[in-house]
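Here are my notes on the model you sent over. Have it open beside you as you read.

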Amino acid sequence: MKLSKEQEQKFQKLGVGSYCELALFIPSSYEDLRLFDKLRPHTMQLIDATVESVYKAPNSLQVTFFAHNFGHSITGVLFRPKPYMLHQFRVGERDCYYGMIECKSGQCTINMPKKVTNIGAITPKYKSPLRSDVMLRLIQTLLTKENLLEEGLREEAAETLLALHFPTSKVPELKNLDQKIVNALKYTELFFYMKQLAKTRRYFDAHSSSRRCYKEWAKGLPFVLSDEQSKAIDDIKTDFAKDVAARRMIVGDVGSGKTMVILASAFMMHHERSILMAPTTILAQQLFEEAKKYLPSLKIVLVTNKTKAIDLNAYDFLIGTHALLYRELPHASLVMVDEQHRFGTAQRNLLEKLVSSGEKKPHFLQFSATPIPRTQAMIETAHIDVSLITTTPFKKDITSSVIRKDDFKDLLEHIKSEINSGNQVLLVYPLVEQSEVLEYQSIDEARGFWEKRFGNVFVTHGKDKEKEEVLLEFAKGGDILIATTVVEVGISLPKLSTVVVVGAERLGLSTLHQLRGRVSRTGLKGYCFLYTNQTRSERLDMFVQTKSGFDIANLDLKFRKSGDLLKGHNQSGSEFKWIDLAEDEEIVKEVKKDLK
């Protein structure tokens, strides 16, 4: 893209960096200087008229015109006219005038008429940080079919958008755009976005590649891997066979069996070292126990804050928390991060750096239990490979319902009966301490009520330094756990049958889904109660009808808009003006195909 310094400054002012983005700056209105023989009230219109009389009042100027194109008289009104305006209207002269036409009980007026010469032109008007004439010149100079095609935009989209900026015979209806135009705008917006995203991807030589197969190992497992688990492992196997370092994100629903994908990856990389970083000690411990059980041939070590300084070179598979970042790490060919969204980008990058040598990088796999909408996954593939695990190895039986104050008595009975059956209950409160603003109790206000009525009540929250110990104690012998959303990720509580979320309407749907995923981990009958003071909530009603995390992610999009994948500023309120990620999967597919 060749721009002069001046044009570059204008692009910066507009916040655009390409012709495609300039094309998306569509007109806000048009000045239509064609002559029509039908009068259209409430519209800016051109008249071919002779001035019949001029009357100057204290604050206005009234001009009587005979409009030849309509064949009758029309009154022109100019409020607070500037001196130069007075010279535009001379009795007996015939010219073309443009203004807003209004008609009341058979009388028509043209407001603020101005004399024009470029008859027949349809001129777009733009609302932009640039002066309107400067913006128009910029569009006329730079927005050409040639420039758009040079950026890779498909011809059909380019022509459709150019017709918006340079209309010839018909003025586009901006308030009610034709579907073909809307699709071209969506396509162009996404095309540019994914092209930018693809530029952020870097390719590096891998430390080592591996062609080891996992099928024999999988046969020895006490269960059969689901089709989607196998598909994700096959994707990784293909990655490992290449000389280029893998960059893959594996997104699985709660309980979809990502752990087995992690272990299969370490197994396939057996001749080299693997490292796995998890967000909490409990999760790292759980993964360590599973790894020892299913990978007996590997020497495995757990690294947490409490691990003594040992020589890590002696191990094939290092599993740890962010404590790994503060150790002298040995060379590794595979780096994995579980619950990757719980770590900052800097932490993930640091782990990779610690085990890289020179230009070569380890294979890098990120795992996430927060399902993303399928459309978003397709967009993400512009800069990282993505595998989705949308099914769970066994069907969960969880009944979800929205409850209110009147249902509290029944809820108490349910909790008593679950505890009597040897099951555990989780109560999630929105805050730790009392708040003036929130109409729900906090943990501090509520705990007395539960501790008075039940034994074995445990309490924890995000700021609690002992939270991991509390969770472990609760797992062993607790009846009720009162917590904030700190329990959202990771900990396995096989006896947990019920979760109650207080003030559920305040949480994102994916967080609610994560919390619901804590129960029924082992096929136990599960219950999820969403407590709200709202009389009705469409979001929550739709949530309880929806089981799959990927469908929940789509629902979340519907209610929340998609956020901003590239710049990473917005979590809510879409960065996209035209694309709707909840509805436009077909357009995403088209763009993806064209970019290939």
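1. The open sheet has 6 strands in the order S15-S20-S19-S16-S18-S17, with parallel pairing. Strands here are DSSP E runs of at least two residues, and helices are H or I runs of at least four, numbered from the N terminus; two strands pair if DSSP finds at least two bridges between them. At the edges you'll find S15 (398-403) and S17 (457-459), each with a single partner strand, so one side of each has no neighbour in the sheet. From one strand to the next the twist averages 15°.

2. A word on provenance: this is a predicted model, where local features need pLDDT of at least 70 and side-chain atom pairs count only at pLDDT 80 or more, while totals for chains, interfaces and linings use all residues. Residues are numbered from 1 along each chain as its sequence is written, and side-chain values use heavy atoms, leaving out hydrogens and water.

3. Inside the sheet, S16 (residues 424-428) runs parallel to S19 (residues 496-502), and 5 bridges join them. Leu427 is the residue opposite Val500 in S19.

4. Which residues of H16 (residues 467-477) are buried? They are Glu468, Val470, Leu471 and Phe474, where buried means under 20% relative accessible area, exposed over 50% and partly exposed in between (1.4 Å probe, protein chains only). These residues span an arc of only 160° around the axis, so they sit on the same side of H16; the arc is taken from the directions from the helix axis to the C-beta atoms. Their cover includes helix H11 (281-294), S16, S17, S18 (480-483) and S19.

5. H17 (residues 509-516) is mostly covered, with 7 of its 8 residues buried. Among them are Leu509, Leu512 and Leu515, but also His513 and Arg516.

6. Now for a helix pair: the axes of H6 (residues 155-165) and H7 (residues 179-199) come within 9 Å and cross at roughly 115°. Axes are lines fitted to C-alpha atoms, for helices over the stretch in contact, with angles from 0 to 180 degrees between N-to-C directions. The contact (heavy atoms within 4.5 Å) involves Glu156, Ala157, Thr160, Leu161 and Leu164 of H6, and Lys180, Ile181, Ala184, Leu185, Tyr187 and Thr188 of H7.

7. Val182 belongs to H7 and is buried, at 16% relative accessible area. Between Val182 and Ala483 there are 47 Å in space, C-alpha to C-alpha, and the two are 301 residues apart in sequence.
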